[in-house]
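Trainee: I am new to this structure. Please take me through the terms used for it, one at a time.

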Amino acid sequence: MRFKIDILSRKFFVALALSLIAIPFARYVSPKTVVDGAAVYLAWLPLSASFAITLLFGRHAILPLIISFMVVNSVVVELTSFQASVLLFCQMLGVTVSCSMLRWIIGKRWRYGLPKFHMGMVVFWIGFIAPALIKGAMYLMGCYLHFPLNVANYFSTSSLVYGVVDVQSLICASLIFTPLFYYPLRMLLNYRYAIGFWHRHVTTILTSGNRTFVLYWLLGLVTILSVLCSPYENKYIAGYLVPIIFILFFAGISRLSSVLIVLIWSVSAFLLVLNNKHFLFGVLSAYSVAFVLSVLISFTICILYMVQIYARGEALKRKWHDQALIDPLTGLPNLREFELYLKEHQQATVCCLRIDNLEFLSRHYGMMMRIYCKRAITRNLQPLLTSDEKLFQIPGNELLLVLTGPETEARLTHIVEFLNNHKINWNNHVMDLEFGASWGVIDGKEENQLHHTLGQLSWLSEQACSSHQVLALDSREEAISGFTTERVMMLNRVKRALAHGGILLYAQPIVDKEGKGYHEILSRLQCDGELIMPDKFIPIITQFNLSYRFDMRVVETLFSKMKHYPGQRFSLNLMPFTLMQKGAADEIIALLKRYHVAAQKITIEVTEEQAFSDSENSLHNIRQLSDYGFLIAIDDFGTGYANYERLKRLEADIVKIDGCFVRDIVAEKMDQLIVKSICDMAKVKNLTLVAEYVETEEQKSMLFALGVDYLQGYLIGKPAPLSELKK
């Protein structure tokens with residue numbers, strides 16, 4: 001409590017000291033002129049000082065201002081106690097009422113941000129209501145009370161035009177010249193604000209691109225003011241030069257800060273009205289003075305609103321610029337911000353952090369899962385990074401990490417191990433993410449090489465995921481560059497093959513004990529007369545999201561040729577991404593109807609991941625195909641998601657046992673037991689069993705003995721062009 005009282009006491013005495021200095025000084029420098037033989041104020045500056053001190057101290061300024069006005073009034077004019085009280089009431093009425101209303105309407109922060117915020121309210125209450133209240137109160141008091149001659153003319157107006165001039169002088173004081181007291185007093189009270197003012201409003205405009213304009217602008221303003229304030233009199237100078245001042249200020253709004261413009265205008269207007277013999281040359285009547293003051297007031301309001309509009313526009317521009325550098329979903333700086341970062345740093349150690357299975361998981365759980373995982377990774381990495389190390393968002397499954405400390409490879413290895421051992425939960429699902437990373441030094445001067453280098457780091461991070469290590473972009477750069485170029489060329493060849501019907505169908509037999517069965521369709525691509533094998537084009541198709549287009553081309557090609565093989569059945573593989581697409585089953589069924597193919601002659605092979613996934617689209621497409629009459633086969637069973645519980649609830653027609661259980665089945669008892677258990681479970685569910693990769697007679701005999709229905713492999717038959725199949 002004592003501490004609070006000390007602060008209040010300190011505010012009171014500081015406000016009192018400033019008031020006792022500012023109010024007499026303001027009254028002394030208040031500009032006057034003589035019109036029709038009578039002295040009139042062009043601006044009554046004690047009102048400016050009163051508003052400035054109130055804006056600085058709030059309600060704590062009221063009592064110091066009352067004391068200051070009492071002291072000044074007692075020195076300037078001899079009044080009775082009652083007359084002095086009435087004069088003090090009139091002087092304080094406008095300030096007290098207008099500031100109280102602003103506090104009530106705007107809230108606690110009503111006096112902050114002058115003149116940026118709530119401009120309309122400030123102009124209305126401080127600029128117009130306060131002067132009207134002061135003049136109205138003085139006029140009413142003058143109707144009932146008598147005052148000495150030296151103040152009587154302020155309480156009783158001899159004519160309407162003189163009353164207008166009195167009100168305008170108060171408006172000029174409150175609207176134009178309040179900043180002239182506010183900013184210097186604030187700097188006097190707080191030297192840190194003065195330093196900040198210099199850096200925010202002066203240093204920023206003296207940048208290399210703006211310095212020349214500002215210097216010429218100031219030179220032009222000083223020259224015009226010097227001419228207007230000089231003792232030389234000419235009736236044409238004021239008429240032509242004053243409008244040029246207005247034009248100068250309109251031009252300066254776009255280059256100077258709003259605060260600086262308002263402050264310079266206050267100083268300029270004060271010099272003009274203070275040296276009014278030249279500025280008001282030829283102004284001989286109260287009507288002319290009223291007109292000139294109206295022009296100053298109107299221009300001031302224009303200036304205030306224009307600087308506010310321009311400041312808001314600049315704030316929006318900065319906001320949009322900042323938003324353009326931030327990814328809106330992850331909240332991380334994006335690739336554009338990374339480019340700007342490199343312009344400010346000669347060299348940067350950049351790490352490409354890859355989430356290897358994020359693409360697959362996001363297809364199952366949706367894009368928001370991808371975003372959530374990147375946000376979670378960012379949070380988890382923060383304790384491992386220093387303050388000047390940054391993460392950047394780039395499209396795809398990767399994040400860019402800029403490390404500044406030593407031992408980059410060791411730190412990056414620790415980061416990858418930390419992330420691989422840290423689980424992320426998404427809607428009660430544990431995301432088992434797999435990470436790999438690569439790193440290299442990027443030269444900020446080589447702008448043309450940036451994206452090429454990032455592509456190399458991306459490929460290297462992909463290799464790091466498969467080898468579970470951190471790779472550096474150093475001596476491998478030439479090989480990586482060649483590989484990435486080769487990959488782009490392969491992508492173009494694959495696209496040309498798909499666009500120009502370059503799909504070749506091969507058939508591999510699948511037979512039972514009696515040698516009867518059907519064929520699995522395998523694909524090759526042909527481009528520019530060269531045959532492209534699956535191990536070359538399948539990774540490209542998967543990586544660049546061409547799976548759906550490729551599978552539909554294969555399906556249509558097979559269906560169009562099936563009229564030549566009326567007695568044959570065929571099996572087709574569909575990639576995981578294809579069945580994730582909404583409407584995939586509808587398109588396959590539409591192709592079936594177009595080419596008049598019986599659904600019972602087609603087996604659709606899907607992976608375990610698709611059969612047991614949580615993807616609604618995948619499961620819906622599989623059920624729709626099954627309901628229409630297609631046979632559903634589970635390919636590579638036993639290597640991924642399958643277990644006995646899932647086999648128990650499996651909805652399929654055929655199970656294909658993966659070759660890893662077949663290759664060593666003759667020698668390995670465990671493989672025999674696994675295949676036997678799968679056969680027993682399958683028989684209970686009336687599933688047909690197919691064993692893949694059968695290459696020897698011993699394997700063939702044992703598999704048939706264990707209960708397998710069909711065999712597939714090089715022993716049974718190698719893939720051959722579909723055209724060679726007997727029709």
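Mentor: The largest nonpolar core has 98 residues, and F177, I245, F249 and W265 have the most contacts inside it. Helix α12 (residues 258–274) gives the most to this core, with 11 residues. The model is predicted: local features need pLDDT of at least 70, side-chain atom pairs count only at pLDDT 80 or more, and totals for chains, interfaces and linings use all residues. Residues are numbered from 1 along each chain as its sequence is written, and side-chain values use heavy atoms, with hydrogens and water left out.

Trainee: What makes a set of residues a nonpolar core?

Mentor: The set consists of buried Ala, Val, Leu, Ile, Met, Phe, Trp, Tyr and Cys residues joined through side-chain atoms within 4.5 Å. A second, separate core of 67 residues includes I503, F570, A682 and L703.

Trainee: Why is F249 called buried?

Mentor: Buried means under 20% relative accessible area, exposed over 50%, and partly exposed in between (1.4 Å probe, protein chains only). F249 has a relative accessible area of 0%, so F249 is buried. F246, at 15%, is buried, and F299 counts as buried at 5%.

Trainee: How do you know that α12 and α14 are roughly antiparallel?

Mentor: Helices are DSSP runs of H or I with at least four residues, strands are runs of E with at least two, and both are numbered from the N terminus. Axes are lines fitted to C-alpha atoms, for helices over the stretch in contact, and angles run from 0 to 180 degrees between N-to-C directions. Under 35 degrees counts as roughly parallel, over 145 as roughly antiparallel, 65 to 115 as roughly perpendicular and the rest as oblique. The axes of α12 and α14 (residues 286–324) come within 10 Å and cross at roughly 170°, so the two helices are roughly antiparallel.

Trainee: Which residues of α12 and α14 meet?

Mentor: With contact meaning heavy atoms within 4.5 Å, S258, I261, V262, W265 and V273 in α12 meet L296, F299, T300, I303, L304 and V307 in α14.

Trainee: Why is the pair of F246 and F299 called stacked?

Mentor: Rings of Phe, Tyr and Trp (its six-membered ring) pair if their centres lie within 6.5 Å; planes under 30 degrees apart count as stacked, over 60 as edge-to-face and the rest as tilted. The centres of F246 and F299 are 4.2 Å apart and the planes at 25°, so this pair is stacked.

Trainee: What makes the pair of F249 and F299 edge-to-face?

Mentor: Their planes are at 75° and their centres 6.5 Å apart, so the pair is edge-to-face.
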